[in-house]
Amino acid sequence: MKAVFITYNEAHGEAVMEALEKCFVRGFTMWEQVQGRGTKEGEPHLGSHAWPTMNSAMVTFVDDEAAKRLKERLKEIDALKPKLGLRVFSWTVDED
Amino acid sequence: MSLFSSAVKKPITTALIFVAIAIFGLFSFITLPIDLFPHIESNSIMVMTSYAGASASDIENNISKPLENTLNSVSYLKHISSQSRENVSVVTLEFQYGRDIETATNDVRDKLEMVKSYLPDGAGNPVIFKFGSDDIPILILSVTAKESMPGLYKIMDETIVNELARVNGVGSVSVSGIPKREIMVLCDPYKLDAYNLTIEAIASLIGSENRNIPAGTIELGSNAYAMRVQKEFNSSSEIEDLVVGSYNGGNVYLKDVARVVDGLQERSQESFINGKLGGMVIIQKQTGENSVQIVRKVKEELPKLQKKLPSDVKVNVIIDTTDNIIRTMGSLEKTIFITLLIVMVVVFIFLGRWRATIIILITIPISLLASLIYLYATGNTLNMISMSSLSIAIGMVVDAAIVVLENITTHIDRGSNPKQAAVYATNEVAMAVVASSLTTLAVFLPMTLVSGLAGIMFRQLGWMVSIVITVSTLCALALTPMMCSTMMRAQNKDKDSKWFKILFTPINKFLDKLSAGYARLLDWAMRHKRIVVLIAALVLIGVLAICAPNLKSEFIPQSDNGRISVTVQLPVGTRQEITRDLALELDRRWREEFPEIERLGLSEGTADSDNMFASMRSNGSHIISMNISVGSMEKRKRSIQEISNIMMAELAEYNQIKRFNVVAGGQQGGMGGQTVCQIDLYGYEFTATDEAAAQVSQMFKDLGVKQTVISRDDYIPEYQVDLDREKLALYGLNTATVSTFLRNRINGAIASEYRESGDEYDIRVRYAPEYRQSLQDVENITVYNNQGQAIRLRELGTIVEAMTPPTIQRKDRERYVSVTAPLPDGMATSDMNEAISAKIEEAGLPAGVSWKIGGTYDDQVQTFQSLGLLMVLIVILVFIVMAAQFESLTYPFVIMFAVPFAFVGILIGLVITGTPLSIMGMVGAVMTIGIVVNNGIVLVDYANLNRERGMGIIRAVVDSGKSRLRPVLMTTLTTVLGMLPLALGRGEGSEVWRGMGMTVAWGLSVSTLVTLVFVPVLYTIFAAFGLGRRRRKSRKLAKAK
């Protein structure tokens, strides 16, 4: 069981939802608008005068196989429009 | 949910809402009536009081003065003036513009009620008249005839007058210049004396013979019959055979002492149209009706009427006041169309995408149509002000949409899908778009609050542009994102077609070079701040010092409406034949000399008292008045001013002409009328003011004026019969009886009415013309007393030549005379006012005479003042809007430096082109304030953004200049080029708004050039100052720690 945390430019919203569907991921928790800045590069997304864009964040708990498929698909999306920004992180969690 | 996200989510609803707006707008456009100016209610009321038998000065003291003193306390009164002439006092109250005339009338009525009891016993009740622009005839038709001339009046009355009066909206139709039929009984005084007959006896006899009298009913058998005496004349020849008396046992018939002429009235106004004798039909509209519609309907009727008329009677149009309206609207429509085209080209060149261009351009018709809905809903008309507002607005409406579209494009290029890009990108710029629209609104909304004449003219402009800007902002925030989300896609540079590359590669290269060059210039300026500030200050002071003294001003420019009116006065008492000869000579000469003349209508002679329009204008056997129409200004080389000037010079050659007045445009002052300079001379003594008037008139002529008009008429020569009361008493007569006798013989007595097929004609008994041609004839008039004694008039008194004193004119409760002079070519009102003031000051006027510049000068000063006040108000408002947007007081202050340079541009433009500053130009200057700051806002906003993103001040500024150059140039170019058709227009009525286009175009271009360098420099100075202060503060804190 993996926890997959996705932060992305809100412009990716539809593409991310589509990816979840394609990978048969049903459950998720999402924050529609969050502020954020990449660790290495890319523009900050602060919703301010200087950096008006905002990010969305999502966490979903899926089995390992699905997590792998999802990550691949999301990376494809990111590669298509690198300037927007999309990052995926995952870690193992226990299922009670 | 925000406006733009719901718009993007519901494209159909959004599209249809805007389609609905467009449809309503189109509907309004089709149904809106057109007119030259917004409806201006008349602002004056006339109070007329008659006091029979009183001389001018009696009238002045007993009627005009008390009325003036009481009416002066009516509120919102601007001027009170009066004319006192024999028998009548006319007090005119001029109210401030915008005062509800109904309320004013009620106030005046109340005051009159109060003063009534103080007026002399014999004075009539004061009557209130309102005379407004609605009373000016809208259409004057000419009627010419050959064989039908004798019966023309009746033909006109039955066909044209009745039919046209029935047309919806037509107020009154009157016929002038066509003599009425009259049965004249022209007596021979010697024969009358021989038979002991008098005019009175004959008149009363005719009156009592021309009768139908019912005598009651009579019952015969079982029936009742009416009994009647039916002796009305069946034909005019019956009159000749009346028995008027008997002499030596024989009957004396009327034909023995007089001849009966069934003909046309003796002296009346004659009209010539292009040298042909004819008449005029004058059509006035009902108050509040739309001239253009009425004239169109009347013109539709004319061909039908022509068929009913005898074949020799021709009806033509002499003056059509709507001609000019229609042509002006046509040229404005053309201007709007050209503006639209220019804006389209600019947008396409800068964007390089046809889809984007369509998205931007669609906001133009929608915003413009929306403002037409406002016009329709408030019952306004499509007029010069509303149409030019549209033209002004075109260049500005696209600005908001351009900003939104540009940001959406950036997002799409970065990879967002169009739908989301539309929402997020709009969100980012929404605040900036609203703020820059607010600065524009801060200019135009206060315009709706201006009072006075300017208020009436610019209220509509304010509302129209405010609505257009509001709707265009809504469009930019809803329609533009919606259309972008459906129509735009990521630009694929490789897919561009060949012709596209050929066309846009050089343009793009040029624009790139331009911004690179600009960046270098900015970089240099950043390092030489002092030099830049010094140059800017020098330019500002230099231009102000050189140009400001050369700036001319005028009120409203004169427009060329293709009409000239000429009034020529010969010495009073000139016989009509002589006047007619001169009139026809002028007519022939001018129609040869000026091929431009399409129609020349002239009339001379005394108007009939039942012709309202003609009798209101001055008329008399010595006055010629002409209406000349020279057609559209686009078809001729000489302007009406030039033609009028030649006419003035030619009229001055005729020695027999006492005074003349050539008015280009047909009216003086007011909206687009002839610009004149008027000097009012105040003083009690006639001789002193007369002398002063002559002096001023000569001064005007020294300044190159060809004609001056002095408002006071000369003493008019006349003959007075001075009756000796003692002699009258001796013969048992009195003044009343003798004067009635005199009047009946010279003017004639109306004995009765001759009826024929439903119409009545006067039967007038008087001396035959050959017996009333000399003073001896008058002296020989026989007067009979109660004893039947015949007494010659010469035994009762003497005939003396006398002078009637002229009308006494007063203004603001003091006697005055005005001298009016049309301006010579190339002279502005301000020039003339200065020159004449200097001359009067230098020469001085006779003691007891004071002077003032009159006419529209008052209005001009007041309007300029209220516009100046408006400018201050607008500067403050714009500052507030910007300060709120930046949440800072420094940045708006920096941006505001664009304003003085806009004025520098305006000054340079006006002085170079020699255009005087008119109120239109002033409004243009006011508008410029709101527009010039927009460029500064964009630059400063982006520089702030760059600094927030971590750039240093100088880099932030240079980068902002580089990346914002395109949008700044684009919005400025759309506005400036959008003004060009207005500024350079040569069409009908273009003189009026040319000033506005000129000021905005010059002000905005110069200030943009300055803004691009000077504002960034100032920004760095102030930002560095702020930064230094913050550093010092933190250093202090560190030390304290």
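This is a predicted model: local features need pLDDT of at least 70, side-chain atom pairs count only at pLDDT 80 or more; totals for chains, interfaces and linings use all residues.
Zoom out and you get an open sheet of 4 strands in chain B, ordered β12-β7-β24-β23, with mixed pairing. β12 (258-264) and β23 (749-756) of chain B are at the edges with a single partner strand each, so one side of each has no neighbour in the sheet. From one strand to the next, the twist averages 25°.

## Two crossing helices

Over in chain B, α22 (residues 686-702) and α27 (residues 829-843) have axes that come within 10 Å and cross at roughly 130°. Helices here are DSSP runs of H or I, at least four residues; axes are lines fitted to C-alpha atoms, for helices over the stretch in contact, with angles from 0 to 180 degrees between N-to-C directions.

Gln695(B), Val696(B), Met699(B) and Phe700(B) of α22(B) meet Ile836(B), Lys839(B), Ile840(B) and Ala843(B) of α27(B), contact meaning C-beta atoms, placed from the backbone, within 7 Å.

## Where the chains touch

Chain A and chain B each put 11 residues into their contact.

## Housekeeping

Residues count from 1 along each chain as its sequence is written, and chains are lettered from A and ligands numbered from 1 in the order written. Local features need pLDDT of at least 70 and side-chain atom pairs pLDDT 80 or more, while totals for chains, interfaces and linings use all residues.

Technical notes:
Two residues are in contact if their C-beta atoms, placed from the backbone, lie within 7 Å. Two strands pair if DSSP finds at least two bridges between them.
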